[in-house]
Amino acid sequence: MKSIILVFILVTLSFGEKAIAQEYFPFPDSNAAWNTVGHNIFSGFQWNFRYAVYGDTTINSVEYHKVYKMFDSTFLNPNSTYFAAIRENQNRQVFCVIPGFEETILYDFNLEIGDTIWYNIGGALCENEVVFENQTHLKVVSSIDSILLENNQYRKSWTFQEESVMWDTWIEGIGSIEFYGLFFPLLSDMTLCGDFYQFACFKHNDTTLYLDNPNCERCFYNLCKGCTFTNIYIKVYKNRISYQN
């Protein structure tokens, strides 16, 4: 009987270890793309935010990887524009430099439950435009788990739940999968312009790892005809509103 109990305990522990992914997946430094889709509930206009890591740069003697705002689903379209620079250090922290601002932390994949991460850049998103400003704000880790990706691989995930409007969910090596996606941790305010955004997908080395596209079953989708966003509800937080699916 004792042997059976021991085997049961060992099996249970084994499954428990798989629940939180053990292998660390670093933040991508090339061939990675993030896609956010959205629309305005009043005008019906549809938006896309597509970001890709391509090339390197040096800022204040520090090496970074360049992030472009993509014109379409290709990396090298001449209409794509430089947006920011990112880097990851040996402590699993990701930093970014947005033109006109000092470097700020973007992600910290060492955080534990109850830990706080502080940002020195804030901002808001409305009508396909994001505006940043020097503003201090924070997020607090409420839970840590694992999430199954499209390639049947588990990765560690973090959930941030606050009294403010800025909830968030991160996936190791991908970043935020909420609302604006990659740079969502920097946003500090929601606007009342009627926009709804959803992080749609992440691709690395031409492989879709995360997919939650309300328009279709593909990661990048350029021509959307008759697409609709359903099951939208509104959260109200002290005169601020967020739109969720």
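Buried residues make up 46% of the 245 residues in this protein. Buried means under 20% relative accessible area, exposed means over 50%, and partly exposed is in between, with a 1.4 Å probe and protein chains only. Keep in mind that this is a predicted model: local features need pLDDT of at least 70, side-chain atom pairs count only at pLDDT 80 or more, and totals for chains, interfaces and linings use all residues. Residues are numbered from 1 along each chain as its sequence is written, and side-chain values use heavy atoms, without hydrogens or water.

Next, the fold. The protein has one helix and 15 strands. Those are DSSP runs, numbered from the N terminus: helices are H or I with at least four residues, strands are E with at least two. Now contacts, meaning heavy atoms within 4.5 Å. Take those between residues at least 6 apart in sequence: 47% join residues at least 24 apart.

The accessible area is about 12800 Å², by the Shrake-Rupley method with a 1.4 Å probe; for residues, only the protein chains shown count as cover. Carbon and sulfur atoms hold 51% of that surface.

Where does D145 lie? D145 sits in strand β8, residues 129–148. D145 counts as partly exposed because its relative accessibility is 43%. T159 is 14 residues away from D145 along the chain, and their C-alpha atoms are 8.3 Å apart.

That's the tour. Questions, please.
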